[in-house]
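Look over the fold below before reading on. The paragraphs then go through loops, strands and cores in turn.

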Amino acid sequence: MNTQDIWNFVTTQGVDFGIKLLTAIVAWIVGRWLINLAVGLIGKAFERGGKIDATLANYLKSIIAVVLNIVLILAILDLFGVRTTSFAALLAGAGLAIGAAWSGMLGNFAAGVFMQVLRPYKVGDFIQAGGVTGTVKELGLFGTTIVTPDNVTTIVGNGKVFGDNIQNYSALPVRRVDCVAKVANSVNPMDAIARLQPVIAAIPNVAQSPAPEINILEFTAEGPKLAVRPYTHTDHYWQVYFDTNKAIVETFGAAGYPVPETPVAHRTLAG
């Protein structure tokens with residue numbers, strides 16, 4: 001293309017193309033602003049209504065944002081004379097090809113939809129799913145974001161979550177804390193249980209119903225092993241766990257119990 005051809009294009013079609021390009025840029029900027037505004041207003045409406053929890057609200061907002069962005073792109077293409085009906089058919093065909101290649105992504109999406117219907121957990125629940133344990137931060141279109149107890153953000157595909165066992169520690173009012181206490185053979189285990197019962201029950205955030213369970217778990221060579229099991233809300237699990245172990249040490253120390261020791265067998269040499 002020589003200089004004359006370029007000049008002819010600029011003088012005949014360049015202005016029109018420039019106006020369309022400028023219009024498309026303005027439409028994209030304004031459209032994105034309006035989409036963000038609309039999604040934000042919808043989110044606030046969900047919060048004010050109080051009938052849709054945070055998990056479902058975030059899910060619906062994500063779907064609405066994707067649909068509105070597709071509509072915006074089709075509208076901008078229409079400004080350049082691109083027939084959106086043909087583009088939609090092309091997009092559908094491309095979607096099938098991409099779907100075949102990205103079946104895992106579509107599986108994650110489908111699993112996310114099913115989880116919204118079945119509702120095994122919600123944002124803020126402490127769960128174990130897909131091999132990850134932690135607090136649910138977000139349930140997205142394709143994956144669930146979980147913050148583990150050591151403060152690591154982990155994203156697990158919804159397909160993996162839905163295809164595996166899900167344990168929801170927040171579904172019930174309380175959960176059991178499992179601790180173990182061992183006493184020496186010379187100590188009466190019933191006396192140890194009687195001393196521990198009121199101390200464990202007095203630990204902050206320990207539930208009164210069901211009451212803490214303290215029983216003989218098994219007998220070992222060093223002495224009886226006690227199962228100490230208070231109940232608490234999952235938010236206070238580790239506080240109760242550590243306080244229970246501390247209470248065991250302090251209670252046994254105050255009682256003057258000897259430290260359990262492994263018996264040593266002495267062999268005598270034949271003369």
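In which loop does N151 lie? N151 sits between β3 (143-147) and β4 (153-157). Helices (H or I, at least four residues) and strands (E, at least two) are DSSP runs, numbered from the N terminus. This is a predicted model: local features need pLDDT of at least 70, side-chain atom pairs count only at pLDDT 80 or more, and totals for chains, interfaces and linings use all residues. Residues are numbered from 1 along each chain as its sequence is written, and side-chain values use heavy atoms, with hydrogens and water left out.

Stay with the backbone. Most residues other than glycine have a negative phi, and most peptide bonds are trans. N151 has a positive phi, near 65°. N151 counts as exposed because its relative accessibility is 66%. The cut-offs are these: buried is under 20% relative accessible area, exposed is over 50%, and partly exposed is in between (1.4 Å probe, protein chains only).

Now go to the loop between α6 and β8, where N205 lies. Phi of N205 is positive too, near 75°. At 40% relative accessibility, N205 counts as partly exposed. P210 has its place in the loop between α6 and β8 (213-219). A cis peptide bond joins S209 to P210, with omega about 0°.

Next, the strands. Two strands pair if DSSP finds at least two bridges between them. β1 (residues 126-129) pairs with β2 (residues 132-139) in the antiparallel sense, over four bridges. A129 stands opposite V132 in β2. β1 and β2 form a hairpin with two residues between them. G130, in the turn, has a positive phi of about 60°. β1 also pairs with β5 (residues 166-168), antiparallel, over three bridges. Here I127 stands opposite N168 in β5.

Finally, the interior. A nonpolar core is a set of buried Ala, Val, Leu, Ile, Met, Phe, Trp, Tyr and Cys residues joined through side-chain atoms within 4.5 Å. The largest one has 21 residues. V183, L196, I200, L226, V228 and F252 have the most contacts inside it. β7 (179-182), α6 (189-201), β9 (224-229) and α7 (237-255) each supply at least two residues of this core. α7 gives the most, with five residues.

Take V228 as a way in. Contact means heavy atoms within 4.5 Å. Leaving aside neighbours within four places in sequence, V228 is in contact with residues including V177, C179, L196, I200, I214 and I248. A second, separate core has ten residues, among them M115, Y121, V136 and I146.
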